[in-house]
Amino acid sequence: MHNLSPTPALGGTSPRVDQFDHVTISENDNLALASIAARKGREQACQKQLKTLLGAVPAPGKAQLHDPEAGFWMGPEQWMIGAPLDSHELLAEQLQTQFGDTASVTEQTGAWVCFDVIGPAMPDICERLCAVPIRQMVAGDAQRTVIHQMGCFVIRRQDAEHLRILGPRSSAQSLHHALITTAQSFQAF
Amino acid sequence: MIIDHPLLGPRDSAEFTYMGDAKLIERPDWQSDTAAQDFYDYGYLRDNPAGWHEELWFHEAGDRSWLVVTRNTLTHEIAKVALATDVARSKGRSR
């Protein structure tokens, strides 16, 4: 019997936390993800299931911050659903059971790395990293954008100083490098 | 250049990739008697207008939707932006 334990995207045994004067950047390894794509002709039925799951269907550019499952809009008739990994390790399976043939569900947990950027300098760091209008965004706004050539999702959370960034897990080190160098350059001012 | 995305609002054109003439939506019928000639035209022949042009743009750094953008090739003015799915459906296509 193998005795294997999962490792965070950046390696090591525990998720990485980088503390700066005005911001903390921490890797969040407790996130299960799965994407939902409505099947052709079943859009209404799929949205009904989404409403049951999240309380509302996330509109374009929006997230539905909800417990334990939360979700955001990714594209026309496509959404990403997230939940704590501890309790929802089999999220994709659970969603496929719920959505049945109204949607195609894809396991996404292993595809993304999640960083939480929290602190008063969050907007300054965000606007140095990507072209989203962070100061106009409100809690629950979610945008796909590009950070250092990597396609990422940027989600403004309930706490006004909290930004969640989802990036490609295979480029986790590059994204982390982008985040900490930006935080460091801001600190130098 | 700013492209006014029908769902997401004004976005920088750097987020998009140009995918060619919007006539690519009108794929010929492969069962037609003139299919060989139709596909030759579809594959190789393009108009190159100095003025208004309907183009496909892919929102690569955004929601990954395909758009039909009506752009003036002389001034870069954009007159109209629509989702390519809506345009295809309005032409009687299933998707």
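In chain B, strand E5 (residues 66-72) and strand E6 pair in the antiparallel sense, and 5 bridges connect them. The model discussed here is predicted.

**The sheet and the hairpin of chain B**

The E5-E6 pair belongs to an open sheet of 4 strands in chain B, with the order E3-E4-E5-E6 and antiparallel pairing. Strand E3 (17-21) and strand E6 (78-83) of chain B each have a single partner strand and stand at the edges, so one side of each is left without a neighbour in the sheet. On average, and with direction ignored, neighbouring strands of this sheet are turned by 30 degrees against each other.

Strand E1 (residues 2-5) and strand E2 (residues 9-12) of chain B also pair in the antiparallel sense, over 4 bridges. Here B:Asp4 has B:Pro10 in E2(B) as its bridge partner. With 3 residues between them, E1(B) and E2(B) form a hairpin.

Chain B contains 2 helices and 6 strands in total. Read from the N terminus, its elements follow the order β-β-β-α-β-β-β-α. The C-alpha trace of chain B spans about 45 × 30 × 20 Å along its principal axes.

**The sheet of chain A**

Chain A has 4 helices and 11 strands. Its C-alpha atoms fill a box of roughly 55 × 50 × 30 Å along the principal axes. The radius of gyration of chain A is 17 Å; a compact globule of 189 residues would have a value near 16 Å, and the chain therefore agrees with that expectation.

An open sheet of 6 strands in chain A has the order E1-E2-E8-E11-E10-E9, with antiparallel pairing. At its edges stand strand E1 (17-19) and E9 of chain A, each with a single partner strand, so one side of each is left without a neighbour in the sheet. Neighbouring strands are turned against each other by 20 degrees on average, direction ignored.

Within this sheet, strand E8 (residues 112-118) and strand E11 (residues 162-168) of chain A pair in the antiparallel sense over 7 bridges. A:Val113 has A:Gly167 in E11(A) as its bridge partner. The strand pairs described with their bridges are collected below.

| Strand pair | Bridges | A bridged residue pair |
|---|---|---|
| E1(B) and E2(B) | 4 bridges | B:Asp4 and B:Pro10 |
| E8(A) and E11(A) | 7 bridges | A:Val113 and A:Gly167 |

**Helices on the sheet of chain A**

Helix H3(A) packs on the sheet and touches E8, E9, strand E10 (150-156) and E11 of chain A. The direction of H3(A) makes about 135 degrees with that of E8(A). Helix H4(A) lies across E1, strand E2 (24-27), E8, E9, E10 and E11 of chain A, and runs at about 15 degrees to E8(A).

These helices also meet one another. The axes of H3 (residues 122-129) and H4 (residues 172-187) of chain A come within 10 Å and cross at roughly 120 degrees. H3(A) and H4(A) are therefore oblique to each other, and H3(A) passes H4(A) in a right-handed crossing. On the side of H3(A), the contact involves A:Asp124, A:Ile125, A:Arg128 and A:Leu129, which meet A:Ala178, A:Thr182, A:Ala183 and A:Phe186 in H4(A). By class, this contact has 5 nonpolar, 1 polar and 2 charged residues.

**Loops on either side of strand E5 in chain A**

A cis peptide bond joins A:Asp67 and A:Pro68, with omega at about -10 degrees. A:Pro68 is placed in the loop between strand E4 (63-64) and E5 of chain A. A:Glu77 is found in the loop between E5 and strand E6 (78-84) of chain A. Although A:Glu77 is not a glycine, its phi is positive, at about 60 degrees.

**Contact between the chains**

Between the chains, 11 residues of chain A are in contact with 11 residues of chain B. On the side of chain A, the elements that give two or more residues are strand E5 (70-75) and strand E9 (142-147). E9(A) gives the most to this side, with 3 residues. By class, the side of chain A that touches chain B has 5 nonpolar, 4 polar and 2 charged residues.

Terms used: Residues numbered from 1 in each chain as written. Chains lettered and ligands numbered in written order. Predicted model: local features only at pLDDT ≥ 70, side-chain atom pairs only at ≥ 80, totals over all residues. Axes fitted to C-alpha atoms, helices over the stretch in contact; angles between N-to-C directions. Parallel < 35°, antiparallel > 145°, perpendicular 65-115°, else oblique. Left-handed = near helix turned anticlockwise from the far one by under 90°. Contact = placed C-beta atoms within 7 Å. Nonpolar A, V, L, I, M, F, W, Y, C, P; charged D, E, K, R; others polar. Pairing = 2+ DSSP bridges. Rg over C-alpha atoms; globule rule 2.2 N^0.38 Å.
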